[in-house]
Structures are given as structure tokens and as C-alpha cells.
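Today I'm looking at how two chains touch.

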Amino acid sequence: MNNKKLIEQIKKAALKDDKNRKDIRFKKAMAFLVRKGFLKTNMNFENYYQAKIKIKDLIWAGKNVEPRILEVLPAAVARLPRAFIFDTTKDTKTLQQVVCDLNENKVNGTGFLKMPYEKIKVWMNLPLNDGRTKITENKKIMRTFRLKPETIHKMELLKNKNGTSEAALIESLVEKAIL
Amino acid sequence: MKEKLVTVFRLLDKQINYENKERLIRGSPPIAHSRIEILGQTSLLIQPELTYGLSLAQTGDLDALLRADHFVKQSLKKILPTYGFMYDEDSPLIFVPNDSQFLPFLNLLMLEVVVIDPESALVSKAVKAPEKNIQLIRQAIASDEFPNLVERIIKAGGDLKKFT
């Protein structure tokens with residue numbers, strides 16, 4: 001096939017892309033991700049913002065209009081889980097697996113719709129526009145220890161003396177030990 | 001977006017100046033003048049007068065070649081997240097096509113910031129990351145705003161069939 005024919009086909013596909021850009025699913029997806037700080041754009045989607053958004057709409061927009069939506073979607077779901085409406089499609093199930101890996105801060109995890117995990121994971125550490133959600137690096141991780149009663153007693157004494165929590169006490173002792 | 005990046009680079013320039021003053025007191029060699037070359041999607045978004053026909057979306061990735069001292073690189077990486085950006089560590093691997101032009105963005109005391117011309121940024125994307133940029137490249141070709149785009153994509157080893 002010669003280049004002229006290929007260009008004609010590309011232009012035809014571009015017309016379909018233009019139509020997809022006008023789709024409400026794309027507009028809602030962009031409005032949400034831009035407002036939250038996951039994406040930047042030269043278009044204005046402010047009027048289409050909704051606090052809750054369907055996962056399937058975001059996936060459609062990522063597959064059909066803007067692949068970068070798929071790159072940031074897992075981190076968005078992991079960090080703002082209450083903002084999404086889930087469904088039972090195969091892609092959503094894969095997404096939930098990626099989100100589990102992100103929440104566990106795994107080094108190597110599941111990719112999402114051709115987006116490699118290491119590219120997805122980066123967005124867990126991006127400060128968001130509302131400044132409320134903590135980045136992964138600052139999130140506390142739950143640990144359980146079995147300690148001797150006398151150690152617990154000493155911890156209580158130190159905690160009261162320093163006016164801190166037990167977690168803060170352990171953190172400061174670890175920091176001192178490393179220095 | 002453009003304003004945020006200007007703030008980032010002005011802040012970086014101030015930090016270099018401050019560090020050089022400290023080094024002067026310590027008797028250490030000062031940091032040399034640096035050059036930052038902005039590539040990728042950011043380059044398209046910060047040149048709206050040349051890319052108005054394109055529908056652009058970007059993650060917080062900043063793709064840039066840092067021709068700079070280690071101190072400058074580290075300082076930039078620390079400043080960026082506050083402004084919603086992350087430096088892409090794979091930036092040095094980005095394909096810069098032949099005949100690319102770098103246009104001035106900011107000229108500061110210790111820092112020169114330049115940006116790749118939009119057509120070259122599009123060629124780079126079409127050749128090295130066609131899947132992620134399929135709709136963008138189609139739109140750019142259909143717009144006829146970039147007269148040498150198709151020819152340069154083919155010349156650089158790109159495959160037009162990937163955009164049909």
C-alpha cells in the first residue's frame with residue numbers, strides 16, 4: 001500500500017478519534033483525572049467533573065481516546081478508592097489486582113492493559129491537587145510484634161516521659177540506632 | 001502548566017546561585033552553567049501557539065535532558081513533585097530525531113532551558129512509542145499543521161501502518 005493511501009486511512013481514523021473525544025465518557029474521565037492532579041491537558045473539561053466515576057468509562061476512554069488515562073488509573077483507584085464505581089468486567093478485575101499490588105507497595109506487580117507496572121507505580125508518589133491523600137512513601141505500614149511484658153512496661157514509661165505514641169517512640173529509637 | 005514550569009526553573013536557578021555562594025565560601029569549585037532540554041509531551045503543552053490544533057493530555061512526567069551538575073539534577077527532582085511533576089529517569093533514552101531544533105524557553109543566570117520543536121517531538125513519539133500516541137499522531141497528520149511530519153516519520157524508521 002502506498003503512503004498516499006495510508007495517509008487517507010489515517011485521516012479517516014482521525015475523524016473517528018475526533019468523535020470519540022466528544023464522548024461524555026472521555027470528558028468525564030479527563031475532568032476527574034485533571035481535577036485530582038493525575039493528568040494535565042490543554043482542553044477544558046471542568047463542566048464534566050463528577051465526584052464519583054465509573055471504572056468502565058475510564059477504561060473506555062483510555063482504550064479509545066487517551067492511553068495515558070490507563071497509566072494513571074490504577075494509582076487513582078488505589079489512592080481515591082471511594083471515588084470509583086466498580087463493575088465485574090475482566091479489565092476491572094485486572095485493575096483490582098494491580099491496585100492490590102500498589103497498596104502492598106510491591107516492587108514488581110501486575111501491569112494493566114499493556115501499561116507496565118513500574119510506569120504505573122510512579123503515580124503513587126505524585127502529590128495530588130487536594131493535598132489530602134498521602135503518598136506511598138509517607139504512608140504508615142501496619143506491623144505486629146510480640147514483646148516481653150517488661151519491654152512493654154519500659155515503653156509505657158518512655159512514652160509518658162517523652163509525650164509521644166509508641167509508634168513514634170520506636171521510630172525515633174530506630175533512627176538513633178541508624179545514625 | 002507553562003507558568004508552573006517557569007516557577008520550577010526560577011526556583012532551581014536560585015538554589016544553584018545559593019549553592020555557588022556556599023561553595024565560594026568553602027573554596028569548592030562552583031557549579032557550571034546548565035542546560036535543560038525539554039522533550040516529550042511537556043514540550044508540546046508548553047508551546048500552545050504551535051500545538052493549538054492538538055488535543056493534549058499529559059501525566060506528571062517531565063522528560064528532559066539535563067546537561068547539568070549532579071547538584072542541579074538532584075535539586076530539580078526534589079522541586080518537581082511540589083508542582084505536580086516527576087522527572088522521568090528514562091529521559092536520556094528518548095529518541096531525538098535528526099534535524100530537531102531546540103527553541104528558547106527560559107534564559108536564567110545559571111540555567112538555560114530550551115524545548116524541542118513540536119514536529120520533532122511528534123516524530124520521536126511516532127517512531128518510539130506509536131501505541132501510546134496513536135490518536136495524537138493521527139490528529140497531527142490530519143491537521144496538516146506539520147508539513148514534514150509524515151516524511152520525517154518514515155525517514156526515522158517509523159511505520160505509518162501503525163496509525164491506520
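I started with the contact: 28 residues from chain A and 25 residues from chain B take part, counting two residues as touching if their C-beta atoms, placed from the backbone, lie within 7 Å. This is a predicted model, where local features need pLDDT of at least 70, side-chain atom pairs count only at pLDDT 80 or more, and totals for chains, interfaces and linings use all residues. Residues are numbered from 1 along each chain as its sequence is written, with chains lettered from A and ligands numbered from 1 in the order in which they are written.

Next I checked which elements chain A brings. α1 (3-21), β1 (40-41) and α4 (68-79) each supply at least two residues; helices are DSSP runs (H or I, at least four residues), strands too (E, at least two), numbered from the N terminus. The largest share, 10 residues, comes from α1(A).

Then the strands. β1(A) runs antiparallel to β2 (residues 57-58) of chain B, joined by 2 bridges; pairing takes at least two DSSP bridges. I noted A:Lys40 with B:Gln58 as its bridge partner.

Last, the helices. The axes (lines fitted to C-alpha atoms over the stretch in contact, angles from 0 to 180 degrees between N-to-C directions) of α1(A) and α6 (residues 134-143) of chain B come within 8 Å and cross at roughly 115 degrees. So I put α1(A) and α6(B) down as roughly perpendicular to each other (65 to 115 degrees). On the α1(A) side I listed residues including A:Ile7, A:Ile10 and A:Asp17, and on α6(B) B:Arg138 and B:Ile141 are among them.

Key. Angles under 35 degrees count as roughly parallel, over 145 as roughly antiparallel, 65 to 115 as roughly perpendicular and the rest as oblique.
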